[in-house]
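Dear colleague,

I am handing over the structure below. Please have it open while you read the notes that follow.

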Amino acid sequence: MEMRAKEDISISQDLTPPIPPLALSLHNSTLVTHCSCCFSPLPSPPFSPIHNPNTNHFIRYCSPHCSSLDSPLHFSSSEFHFFHLFPQSLHTSFPSSSDLRISLRLLYLIQQSNGSLLNLERIGGLITNFKKLMFLEPHCHDDDEVSGRIRDGAKALAVARRMSVGLETNGEYNVEAAVLCLVLSNAVEVYDKDGRSLGVGVYDVEFSWVNHSCSPNASYRFCTESYCGGVLESRICPAATGTGDAGIESESISSNTKVQKSMSIIGGSVACGPKIILRSIKGIQKGEEVLITYTDLLQPKVMRQSELWLKYRFSCCCKRCRAMPMTHIDHCLQEILILNPDSSDMASGDNFYGDYVMEKLMVCLNDAIDDFLSFDNPKSCCAKLEILLTQDHVNLLLKPNGEKLHQLFRLLPLHHVSLHAYMTLASAYKDSVSELLALDHESYKHQTEACNMSRKSAAYSLLLAGATQYLLESESSLIVSLSNFWTTAGETLLSLVRNSAWNLFSRGRHTGAFSFSSCQMCGKCTLLDRFKNKFTDCQDENAEFADITSQFLNCVIDITPKIWDFLTEEGGYLKVVEDPISYRWLGSRMQSCAYFATHATSPDADKTDSGLEAEECYNEIR
């Protein structure tokens with residue numbers, strides 16, 4: 001199915017009213033910090049009708065009202081029994097049981113509404129990809145792993161459901177597997193206002209029928225408030241394409257609300273929980289398909305295609321993916337700098353991504369991120385990522401005559417691994433500051449070290465925003481990510497100058513140009529007042545909006561050179577970047593590999609672990 005615009009829609013317009021969820025489930029990590037009904041942070045102490053101190057996975061609510069709304073579903077859906085059967089993480093392949101728990105809730109709601117489970121390919125109007133995920137011949141090891149996860153999860157769901165009614169397992173779990181496939185194909189991560197993933201949600205067909213593009217014209221946001229604003233009536237509708245997949249004339253789908261309601265899983269959504277709102281990020285013409293992205297747009301084509309196939313079993317054929325030659329943004333996201341030109345004929349930067357070493361780099365990146373997110377060790381994470389960015393890497397090539405050739409290369413500042421490293425470093429350095437000051441916030445040594453790490457956090461935040469701003473010129477749908485990156489960059493700069501040690505740290509340095517804590521504003525900053533007055537209650541002034549946005553950017557570009565040298569004073573990888581906003585310098589620097597070979601390289605290592613292992617791993621593959 002697909003959704004199209006009912007009318008011409010300009011940029012930055014809400015397309016739907018707030019859409020309530022069909023079902024929600026918190027991640028394991030947020031079960032004890034957030035309300036399982038409305039996803040709000042829990043008060044202290046939280047209200048909970050379920051007292052079970054022997055398990056880490058019991059449901060909590062923020063109020064008696066939320067408890068009365070959600071706890072009946074918790075017990076009736078077999079979720080309660082699931083927790084008792086699997087009090088810890090279910091399997092290593094399911095680090096969080098949120099997908100399984102939301103499947104139990106949906107199964108119960110489907111049965112309560114007398115929904116049909118005869119067609120396992122489409123349930124309640126939502127596609128499941130059941131056959132594709134369960135029974136297709138595996139294309140690779142990952143395909144087989146996904147099918148195995150679904151089977152293991154479906155068996156666990158069946159055990160919990162039959163236990164709740166006092167029955168033994170009979171080995172049948174196709175229905176459970178189909179609903180789990182529905183969740184994997186339709187659920188979205190639910191984020192709070194700070195961008196933290198709280199759990200997963202499944203929303204009705206008005207949202208779930210919106211298809212994917214790597215160059216989308218719409219995005220979505222979540223709202224947890226009682227009043228979310230937005231339009232009163234949806235500005236999109238299902239496309240009229242003859243006969244819909246559910247066997248209903250699609251003309252009647254778009255004109256008959258009763259038919260649309262009957263295709264919903266439960267004939268209407270729950271009243272509580274984060275609502276979702278679709279919004280245009282490009283101009284959309286009447287009848288044009290509305291598209292969102294299902295994947296990270298700051299990944300090169302090969303990674304996007306791999307992820308889409310693994311999760312949703314389709315290959316994207318959007319304009320960006322079909323482009324020949326590839327788009328400028330995809331070229332930047334995978335281009336590398338080859339340091340020994342004699343090997344450049346063997347593998348170009350654009351074809352390099354498929355090589356084994358690039359997979360090793362992703363392993364190194366994910367290993368560092370795990371240190372931060374899973375093991376709460378931001379210091380180790382930062383050290384690993386600085387090494388990943390600064391050192392030379394080695395790729396082993398075979399010439400036609402069988403001779404081995406070691407190709408040296410470095411990641412460029414716009415490479416997708418670099419961008420994700422910046423994102424993680426900005427957060428990890430920020431957390432390191434909090435940890436350090438918690439030990440002894442009055443120690444001059446700790447204050448100075450904390451300010452240095454705050455400076456790095458601000459620099460990497462600014463670098464990420466500037467790099468994405470550059471890529472925006474060739475892919476305008478990055479505007480959503482970019483707005484978040486600029487917000488974070490501004491916040492980290494403010495955090496830096498509000499640091500308790502700022503006065504000591506800035507003594508003797510030329511920091512007056514960016515004393516952001518001052519209430520004094522330059523003449524250009526009256527743009528902020530113009531913006532608030534003009535656009536608080538109006539969405540249609542796109543031309544003036546674009547003009548003010550451009551002036552804001554010019555102001556940022558003017559300020560950045562004044563602060564970049566200070567932020568990068570300690571050297572390292574950040575010194576390689578001459579200007580984090582404009583990348584005109586990058587082309588000339590690439591002409592001289594010697595520049596990169598003499599900057600930012602750690603003295604105690606010439607190659608990363610991935611480089612040292614390249615030849616050994618290559619022989620294993622052979």
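Which backbone oxygen lies 3.1 Å from a polar atom of the side chain of His393? The backbone oxygen is that of Leu388, and the side chain of His393 also reaches the backbone oxygen of Gln391, at 3.3 Å; a polar contact here is a pair of N or O atoms within 3.5 Å, where within protein one must be able to donate a hydrogen and the other to accept it, and residues adjacent in sequence count only if both atoms are side-chain atoms. His393 is found in strand E13 (residues 393–398), and at 0% relative accessibility His393 counts as buried (under 20% relative accessible area, with a 1.4 Å probe and protein chains only).

This is a predicted model, in which local features need pLDDT of at least 70 and side-chain atom pairs count only at pLDDT 80 or more, while totals for chains, interfaces and linings use all residues. Residues are numbered from 1 along each chain as its sequence is written, and side-chain values use heavy atoms, with hydrogens and water left out.

As for the helices, H16 (residues 444–472) and H17 (residues 479–497) pack at an angle of about 155°, with their axes 8 Å apart, the axes being lines fitted to C-alpha atoms over the stretch in contact and the angles running from 0 to 180 degrees between N-to-C directions. H16 and H17 are therefore roughly antiparallel to each other (angles over 145 degrees). The residues of this contact divide into 13 nonpolar, 8 polar and 1 charged. Of the 29 residues of H16, 23 are buried, so H16 is largely enclosed by the rest of the structure.

Best regards

Methods:
Helix = DSSP H or I, 4+ residues; strand = E, 2+ residues; numbered from the N terminus. Parallel < 35°, antiparallel > 145°, perpendicular 65-115°, else oblique. Nonpolar A, V, L, I, M, F, W, Y, C, P; charged D, E, K, R; others polar. Buried < 20%, exposed > 50% of the residue type's maximum accessible area, 1.4 Å probe, protein only.
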